[in-house]
Amino acid sequence: LAQVFLSCMDDAQRALKRVRKRLRQERKQLREERRKEEVVRFPHFDPDAFRERLKDLRRPLRRASSEEKEEDKPRRGASVDVSDFRRATVARVQSQLRQRVRLPKGLQASHTSDALPTPQRIAVIGGGPVGLWTAIQLKKKHCRIHGTKALYDPLAPIVDIFEKRGEDTYMTRHDITIGLAAMTQKLLNRTIGRRWFISAHPLSEIEQNLLRYWTEFLKQERPANRSVSTMEDLRTVASEYDAVIVASGRRGLPDECREELGCEMRYGAQDVCLVFSFTHGLCDEVVLNPPQGMGFRVLVRAGHGTQAWLWCIGVPKDWETKRQSGTTNCFGEAFRELVADADPAVVAYLTSITTRLKAQEITGRVVEAAVWLADNPVLDLKAGDRVTPVVLVGDALCGKPFYTGSTLNHHFADVAEMVQSCEIRTQLSCDSFL
């Protein structure tokens, strides 16, 4: 049965081929008949002669176009005006950029000519966490990150960071632990697109993560080793840049510079504090209750690893103290070196804390803790024939004592809000940052 079925299929295929061949022959015959009818209908029309006539008409046109192309080609060895070529190229590129770049409202009317606006140059003084974060915000606002490739707006500002610390001391503060709030972690991780920040970080690790994003993802250079600590240095930087952002900390600008700029520091109520740094202490924050009548509070604040600090907050201001003590293994001995006519009860209490905390390598110093705030956050600095806006951010603008908690959470949020609300592609002034 299978052989019979296969033979029938072969016969059917052969019959189908014969039918198709016969249909092709019939269509060909029908075309020939129609062509003969057209010749009979138009006896004076010859299709072959018409095609030859078209070729004769097209031949001189092709010859003329080829000759024009040969004339337009520069001859070998002929001189070309490089200046004209450069001007034509620049004009073509400018017209293409003008069509692709959407200018801000302030520049649409003033840049309708051939002259293109140039990117603004901004200097950030201070390569700490706030300085790096400010620079990242300025560049990230005009940039798109695709993997490890950064695509910048043609009018993205040029940002340079200046840091006075050398490579041997930069990003080496491992002993200070910063507690980041949940909103700060979300802000940092969302901006950089990575989950690099958690609740507690050493200060050096925060700087390393921000610097890594600045160099590897935004493709920017490391902070330049340049100190800007005098009024002459500040004027030099202001003459080279369109804006200067100071993020060098509370003592980054001397008092005489602040007085001349008009941004003097104002302090709140000050507390005299004794700060003892030690190792092999607790890893958590503990409040110790001193005996009644001592008149001050005692707080232990943990750092990174085995580093910690003991704060004596609100000691009497009439105590005769010196600025710093030597290194000892007892809080009582360090207290005697700092305070003249030390109270024996206080010495005994601090000595008992030494045994409780198993403290070693103790160093004490006297600090005046207070809340501080600069007079003006944004001001004008005249440098030569130009006026450059100077902006204070971070601890250079405001802050609070370290034992009350970190101020980085507020500084990160303030800088992000300032950068997002200001227009940096236009001509910069004090109003741009207010």
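Predicted model: local features only at pLDDT ≥ 70, side-chain atom pairs only at ≥ 80, totals over all residues.
Local features need pLDDT of at least 70 and side-chain atom pairs count only at pLDDT 80 or more, while totals for chains, interfaces and linings use all residues. Residues are numbered from 1 along each chain as its sequence is written, and side-chain values use heavy atoms, with hydrogens and water left out.

A search of the whole structure finds six aromatic pairs, where rings of Phe, Tyr and Trp (its six-membered ring) pair if their centres lie within 6.5 Å, and planes under 30 degrees apart count as stacked, over 60 as edge-to-face and the rest as tilted. One of them joins Phe-162 and Tyr-241, and because the ring centres are 5.9 Å apart with the planes at 75 degrees, the pair is edge-to-face. This pair links distant parts of the chain, 79 residues apart, with Phe-162 in strand 4 (residues 158-163) and Tyr-241 in the loop between helix 8 (231-240) and strand 8 (243-246); helices (H or I, at least four residues) and strands (E, at least two) are DSSP runs, numbered from the N terminus. Trp-196, Tyr-213 and Phe-217 form one aromatic cluster.

Two charged ends also sit over rings, meaning that NZ of Lys or CZ of Arg is within 6 Å of the ring centre and within 35 degrees of the ring normal.

| Charged residue | Ring | Distance from ring centre |
|---|---|---|
| Lys-139 | Tyr-152 | 4.5 Å |
| Arg-250 | Trp-372 | 4.3 Å |

Six strands form an open sheet of mixed pairing in the order 7-4-1-8-18-17, two strands being paired if DSSP finds at least two bridges between them. Strand 17 and strand 18 (residues 386-392) run antiparallel and are joined by six bridges.
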